[in-house]
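Here is a short briefing on helix packing and the nonpolar core. Look over the sequence and the structure first, then read the notes below.

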Amino acid sequence: MFILSTRKTSVANLLKSIALFAITAFAFSVFAQTSADNAPASVTVQSGDSSLASPPSIGAQLSAQDQSSKAAELFAPVTKANTPKIYTKPASNGPMEMDLRQLWSELKLNNPQLSSLRESYLSAKATVPQIAAPANPQVGLVWSGMPVNSPFALGGANTPSAANPNGISSNNAISVAQPFQFPGKKSLAADIADTNAEALLASSESTYLQLGAQLSTLYYNALAAQKQLQVLKESVMRLEMVKNVAKARYANNAAAYVEYLNAQVAQSAAQADQFNVERQLQVGLNNINTLVGRHSREKLVLRGDVRRAMNSVPTLVELEDYAESSHPSLKSSALQLDAARKGVALAKKAYLPDFQVIGSSYTPRGPFAANNGAMFYQFELDLIIPLYFFTKEKYGVEQAQRNQAAAEAGNISNRQQIVLAVNTAYAAYEQAKTQTQFLRERQVPQADAAYKVGLIQYSNNGQGFNDLLTAQTQLRSLEVQLALAEANLLQAQAVLLVSAGKEPF
């Protein structure tokens, strides 16, 4: 009886020592994490393991098998020679560190879609001076002296007579014709072209904001993946402590061996989740590289402060006012409406006649012969008037008026859609903010306390192993949910500012 009591006392002391060591190590880990959260330093998102950052050299294996295979070129390492021309920068050797502002700058400079829109804008601006330029003059050379009785003289049309010894048509002429449009037509047409070009530029700025919102989503998803990796690593450490306690209890015949196996299985599951998140992070970095105009296999390191979303956000009324006055999409639709109104004025000018001035010089000689007569000049003014009951002009005005009405309706619809998008994004931001605060202030601390109590009870020769695993799984799940909620909050804030026409920084 004395021996049994002594053995129970030693087992209890051993378990208490293990529990004290586990709680001390976990408290130190929590204290270090809390200190890191309170520090103003930014969180760095690495691209993961080096084995995940660069793909295996499949090209070398393929070339060894088949020298004529084209597949080796597809899997060859990225170099300056085989980098597609669509990328404005070659593949870099080392990792590049960027924050969200730098990524937006890279997006604006190197994204192929934005580059195409910029070139389209410059092309539209190049048409403005072409439209404003005067019409090209026409130069004519007339040689009317045909040989006598030649086929081109139309029989006897050029036969000499007593009145006309050299024939009835022997004068040669040089004429210069210059067409003119009615004053105001060309300048108005050039103004319309310039307005349409500026509308195209505003539309490209709206596309830039949309791509930036997509970039922000990828960026904050990468931050969330990094946070999930941190949570999973801490979960693996906690399960290691649980596994050690279960192993010690089994060695002292105080627990079943299946408890140790269950802790080991739970730890392996957490490690498997960690591998999946690392792969998701690498895919996200590849998408970011592609979006900002870099090669997808370039190494990238993201810098960002995950607490930045708690900054003050303008009120809904302020965001609506800003969107109605400064959103690029509304600016584009307003410019299109202005161009449509000017198009109506230009269509009404089609009723006015155009002009043509012709100056000619005549001489009774051939164009390659010596001067054998006096030269005289002629001036001609032509009017190009709209005939046939103004049919083309009438329907041209109707078409311009219909375009103006469509532009007005489109402008109103666009304004309504922008305001609605701001309202929807603001509601999503408020919901994400509430969810994040609820997880951070209530659910995660409660789950953490439940895990600590379960660990202490199980270490003190308790029987709550399943409760301990459940508490640990719940804590890990809530910490992952908190990481995702913070990422959703950051994304909601970025989408809200982009919906109002602002960059999210």
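F438 sits in helix α11. The model is a predicted one. F438 has a relative accessibility of 38% and therefore counts as partly exposed, the class between 20% and 50%. F438 and L482 are 44 residues apart in sequence, and their C-alpha atoms are 9.2 Å apart in space.

**Helix α11 and its partner α9**

- Helix α11 covers residues 391-459, and helix α9 covers residues 316-326.
- Their axes come within 10 Å and cross at roughly 150°.
- That angle makes α9 roughly antiparallel to α11, because angles over 145 degrees fall in this class.
- The crossing of α9 and α11 is right-handed.

**The α7 and α8 pair**

- Two packed helices are described by the angle between their axes and the distance between the axes.
- Helix α7 (residues 185-251) packs with helix α8 (residues 257-291) at an angle of about 165°.
- The axes of α7 and α8 are 8 Å apart.
- α7 and α8 are therefore roughly antiparallel to each other.
- The crossing of α7 and α8 is left-handed.
- The contact of α7 with α8 has 22 nonpolar residues, nine polar ones and seven charged ones.

**Helix α8 by itself**

- α8 has 35 residues.
- From first C-alpha to last, α8 reaches 52 Å, close to the 51 Å expected at 1.5 Å a residue.
- G293 follows α8 and has a positive phi, near 85°.

**The α6 and α7 pair**

- Helix α6 (residues 112-132) and α7 have axes that come within 8 Å.
- These two axes cross at roughly 175°.
- α6 is therefore roughly antiparallel to α7.
- In the contact of α6 with α7, 15 residues are nonpolar, five are polar and four are charged.

**The largest nonpolar core**

- In soluble globular proteins, nonpolar side chains tend to be buried together.
- Which residues touch the most other members of the largest nonpolar core? They are L103, L107, L215 and L302, out of 30 residues in this core.
- At least two core residues come from each of α5 (100-110), α7, α8, β5 (300-304) and α12 (465-499).
- α7 gives the largest share of this core, 13 residues.

**Points to keep in view**

- Helix α11 holds F438 and is crossed by α9 at roughly 150°.

Notes. Residues numbered from 1 in each chain as written. Predicted model: local features only at pLDDT ≥ 70, side-chain atom pairs only at ≥ 80, totals over all residues. Heavy atoms only, no water. Axes fitted to C-alpha atoms, helices over the stretch in contact; angles between N-to-C directions. Helix = DSSP H or I, 4+ residues; strand = E, 2+ residues; numbered from the N terminus. Parallel < 35°, antiparallel > 145°, perpendicular 65-115°, else oblique. Left-handed = near helix turned anticlockwise from the far one by under 90°. Nonpolar A, V, L, I, M, F, W, Y, C, P; charged D, E, K, R; others polar. Expected span 1.5 Å × (residues − 1). Core = buried A, V, L, I, M, F, W, Y, C linked by side-chain atoms within 4.5 Å. Buried < 20%, exposed > 50% of the residue type's maximum accessible area, 1.4 Å probe, protein only.
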